[in-house]
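This report describes the nonpolar cores and the salt bridges of a predicted protein model. The sequence and structure are shown first.

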Amino acid sequence: MDNIYLTPEHEQLREQVARFIAREVEPYAAQWEEDGCVPREVLRKMGQAGLLGLMYDSEYGGGEADALTNLVFAEALSQSTFGGFIITVLVHTDMASPHLFHAGTPEQKARYMPSVISGETITAVGITEPGAGSDVAGMRTTARRDGDHWVLNGTKMFITNGVHANLYFVAAKTGTARHDMSMFIVEKGTPGFTVGRALKKTGWLSSDTAELIFDNVRIPAGSLLGEEGKGFYSVMKNFQTERIALGAMAVGHCTQALQMTLDHVRSREAFGSTLWDKQTIRHRIAMLDAKTRAARQFMYHCAWAVTQQKDIVQEVSMLKALTGELVNEVLQTCQQFHGGMGFIRETAIERLWRDARVLGIGGGATEVMLEEVAKRYR
C-alpha cells in the first residue's frame, strides 16, 4: 500500500536493507542463535554500507537523514525473521549511540562517533537494574565525584549488546533527589567494570544480553555525558526515538508473519480443502492485517511529527503499547494457523512468536506506557 510519507529515496533504502538481509543475515543467522551473538564483522559491513549512522552528521560519516528515513530503515530491518539480529542493530543505532550524539561534547563526538558509525565500535546503554526497570528514577547505581574522576558503583541488568559492546552509556545517581542522575561514557576494559554474566533468554537468542557490574570504577571527569544531574531528562528524551524503533520492529514482525501465514494457509490442506477456504481463517487474517496497517500508519505519523520537532510523548507511548500487544496477538494467531509446525524450533514462525513476546515488555512495559498516556490527558 502506498504511504504518503514515503519518497523514492525511502524505497531505495528499503530495497538496500532487504538485499543486505537476504545476503548477509538470513542464510547465517541460525548459527548466530546458537552462538548467542551477531558477528561483529556483519555489523562492520552494515557500517561500510552507511546503515549505522543515518541520522548523524556527515562530518562523522553519518547520513544526516530525518526521523522518517530512520523509520524506513528500522521497518526494513525488521523484515528479518531473526529478532536478535534486529535488536542488536537497533540498540546500537536508536537506543545507545543517540545519547552520545545528542549530549556529547565536540571532543567526545570526535573521539567516538566515526567508529560508532562505521561499526568498529558497538554501543550499549546501561539504564535498567535488577530493581529498577521501567521505573528509571528508582535506580541505585551511583557515581561519586573524586577529584578529576568519577567513581561508579552498582549493577545493571538486561543490557542488550552488554557482552560484546565496546562502549557503554551508563546512567547513575549523582545526588539524593529522585531524578538526580547523570549519564557517563564507560569503555570496555575499564578496571572494576565487568560483565557479571550473559543472560539466557526465551527469545532474541542471537542478541547478547548481560548483567553489568561496576565496582569502584574510576573514569575521568571528562566521561560525564551531558550535564550533571540531567541524565533522567536525556533518557526520557531518547525514548521517543527508541519507542518508534520498537514499534517498527513489532510492525515488521506482524507483516512478515502475516505474509508467511497467507502462503501457508493457501497451500495447507485439511478436511478436503485448503485452510484458506475456511471462512474463519480468512476473516481472522484480514482483521489482523487491518490492525497492522492501521498501526503502521500511526507509526509513520509519529515519525513525521518528530521531524516537525513536536513533543509526542503521549503518542509514542500509545504506539509502543499498541504495537507491543498487537504483535503478540498476530504472532499467536499465525503460529496457531501453522499447527504443529508452528511449535517446532528453527521454523521462522516459531522464532518470530518467541521473539515477539518481549516487545510488550522491553523498552517500557505496556502498563507503564498506558500510564504515560493517561497522565497526559487534560
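## Nonpolar cores

The largest nonpolar core has 91 residues, and those with the most contacts inside it are M46, F73, L77, F85 and V330. A nonpolar core here is a set of buried Ala, Val, Leu, Ile, Met, Phe, Trp, Tyr and Cys residues joined through side-chain atoms within 4.5 Å. Buried denotes under 20% relative accessible area, exposed over 50%, and partly exposed the range in between (1.4 Å probe, protein chains only). Helix α7, which spans residues 231-267, gives the most to this core, with 16 residues. Helices (H or I, at least four residues) and strands (E, at least two) are DSSP runs, numbered from the N terminus.

M46 is in contact with F20, L51, L52, F73, L77, F85 and V89, when its neighbours within four places in sequence are left aside. Contact requires heavy atoms within 4.5 Å. A second, separate core comprises 18 residues, among them L152, A172, L212 and V217.

Side chains of opposite charge can pair when their charged atoms come close. The whole structure contains 17 salt bridges, each defined as a side-chain nitrogen of Lys or Arg within 4 Å of a carboxyl oxygen of Asp or Glu. One of them joins the side chains of E24 and K45, at 3.2 Å from N to O. This pair links distant parts of the chain, as E24 belongs to helix α1 (residues 8-25) and K45 to helix α3 (residues 40-48), 21 residues apart. E24 counts as buried at 14% relative accessibility, whereas K45 is partly exposed at 31%.

R111 forms a salt bridge with E187, and their closest N and O atoms are 2.9 Å apart. R111 lies in helix α6 (residues 106-118) and E187 in strand β5 (residues 181-187), so the pair ties together parts that are 76 residues apart in sequence. R111 is exposed, with a relative accessible area of 58%, while E187 is partly exposed at 29%.

## Further charged pairs

A salt bridge also connects the side chains of R345 and E350, at 3.3 Å from N to O. E350 counts as buried, with a relative accessibility of 4%.

## Basis of the values

Residues are numbered from 1 along each chain as its sequence is written, and side-chain values use heavy atoms, with hydrogens and water left out. In this predicted model, local features need pLDDT of at least 70 and side-chain atom pairs count only at pLDDT 80 or more, whereas totals for chains, interfaces and linings use all residues.
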